[in-house]
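Hello,

Here is the structure I promised to pass on. Please open it first, then read my notes below.

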Amino acid sequence: MIREVHTDADDELLLRSQRDPTAFEPLVTRHSAALHGYLVRRAPGAADDLLSELWLRAYAGRHGFDAARGTARAWLFGVARHVLAAHWRRLETEAPPGSAQFAEGIASDPWQAVDQRLDAAAVAPVLRHALTKLPAVERELVLLIAWEQLTPTEAASVVGVPPGTARSRLHRARTRLRERLGALVSATRMSKTGESA
């Protein structure tokens with residue numbers, strides 16, 4: 001897994017690109033792989049087009065970046081999240097009912113396919129069930145940190161909550177996941193073996 005390391009250089013590049021558009025290009029090179037991965041996991045069939053749209057929106061909106069509110073990396077993931085939301089809304093309104101595109105749009109958050117991509121296939125159904133029980137923002141924080149390897153502060157910026165709030169929601173989400181995973185794994189073992197508690 002590729003992990004981009006945040007540097008203040010990214011923030012400086014994004015700020016400089018507001019005056020010098022050529023400073024934006026290195027950001028594309030540095031962050032495309034991680035952003036593409038984020039999009040592939042959420043909208044596999046449209047990820048390439050969405051990445052292009054993301055870069056167009058990021059370039060057009062680069063004057064809105066404020067380093068005091070978060071890192072350039074978190075800002076870019078925030079743009080990606082908005083591009084995905086617009087994609088899902090478009091699918092809901094434009095796709096014919098009954099089509100695969102309509103179903104994808106209705107899902108509006110296709111994280112249910114997570115189990116198809118997890119290495120630990122035996123845990124996937126249990127994990128998927130536990131994730132369904134989390135509130136959407138907590139689930140997104142967990143996934144941004146686990147999948148995209150964002151820091152809690154970066155993830156907070158992406159979902160639009162203060163870093164302290166994100167940390168407390170992340171703690172609450174992890175606690176809920178531990179509790180649910182423990183209970184579900186025990187129940188699954190009992191149902192498979194016929195044992196009682």
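**What the chain looks like**

The protein chain holds 10 helices and 0 strands. Please note that this is a predicted model. In sequence order the pattern reads α-α-α-α-α-α-α-α-α-α. The protein chain has 197 residues, and 40% of them count as buried. Take the contacts between residues at least 6 apart in sequence: 59% of these join residues at least 24 apart.

**The core**

The largest nonpolar core has 46 residues. Which of them touch the most other members? They are Leu-35, Leu-39, Leu-54, Trp-55, Phe-77 and Leu-144. Several helices give two or more residues to this core: H1 (8-16), H2 (25-42), H3 (47-60), H4 (72-94), H7 (124-132), H8 (136-146), H9 (152-159) and H10 (163-193). H4 supplies the largest share, 11 residues.

Trp-55 deserves a look of its own. Set aside its neighbours within four places in sequence. Trp-55 is then in contact with Phe-24, Leu-27, Val-28, His-31, Ser-32, Leu-35 and Leu-76.

**H2 against H3**

Start with the geometry. The axes of H2 and H3 lie 10 Å apart, and the two helices pack at an angle of about 135°. H2 is therefore oblique to H3. The crossing of H2 past H3 is right-handed.

Now the residues. H2 brings Leu-27, Val-28, His-31, Ser-32, Leu-35, His-36, Leu-39 and Val-40. From H3 they meet Ala-47, Asp-48, Leu-50, Leu-51, Leu-54 and Trp-55. Sorted by class, this contact of H2 with H3 has 10 nonpolar, 3 polar and 1 charged residues.

**H3 against H4**

At what angle do H3 and H4 cross? The answer is roughly 125°, and their axes come within 9 Å. That angle makes H3 oblique to H4. H3 passes H4 in a right-handed crossing.

On the H3 side, the contact is made by Leu-50, Glu-53, Leu-54, Trp-55, Arg-57 and Ala-58. On the H4 side, the list is Trp-75, Leu-76, Val-79, Ala-80, His-82, Val-83, Leu-84, Ala-86, His-87 and Arg-90. The residues of this contact of H3 with H4 divide into 11 nonpolar, 2 polar and 3 charged.

**Where to look first**

Trp-55 is among the core residues that touch the most other members. Trp-55 takes part in the contact of H3 with H2, and also in the contact of H3 with H4.

Best wishes

Terms used
Residues numbered from 1 in each chain as written. Predicted model: local features only at pLDDT ≥ 70, side-chain atom pairs only at ≥ 80, totals over all residues. Heavy atoms only, no water. Core = buried A, V, L, I, M, F, W, Y, C linked by side-chain atoms within 4.5 Å. Buried < 20%, exposed > 50% of the residue type's maximum accessible area, 1.4 Å probe, protein only. Helix = DSSP H or I, 4+ residues; strand = E, 2+ residues; numbered from the N terminus. Contact = heavy atoms within 4.5 Å. Axes fitted to C-alpha atoms, helices over the stretch in contact; angles between N-to-C directions. Parallel < 35°, antiparallel > 145°, perpendicular 65-115°, else oblique. Left-handed = near helix turned anticlockwise from the far one by under 90°. Nonpolar A, V, L, I, M, F, W, Y, C, P; charged D, E, K, R; others polar.
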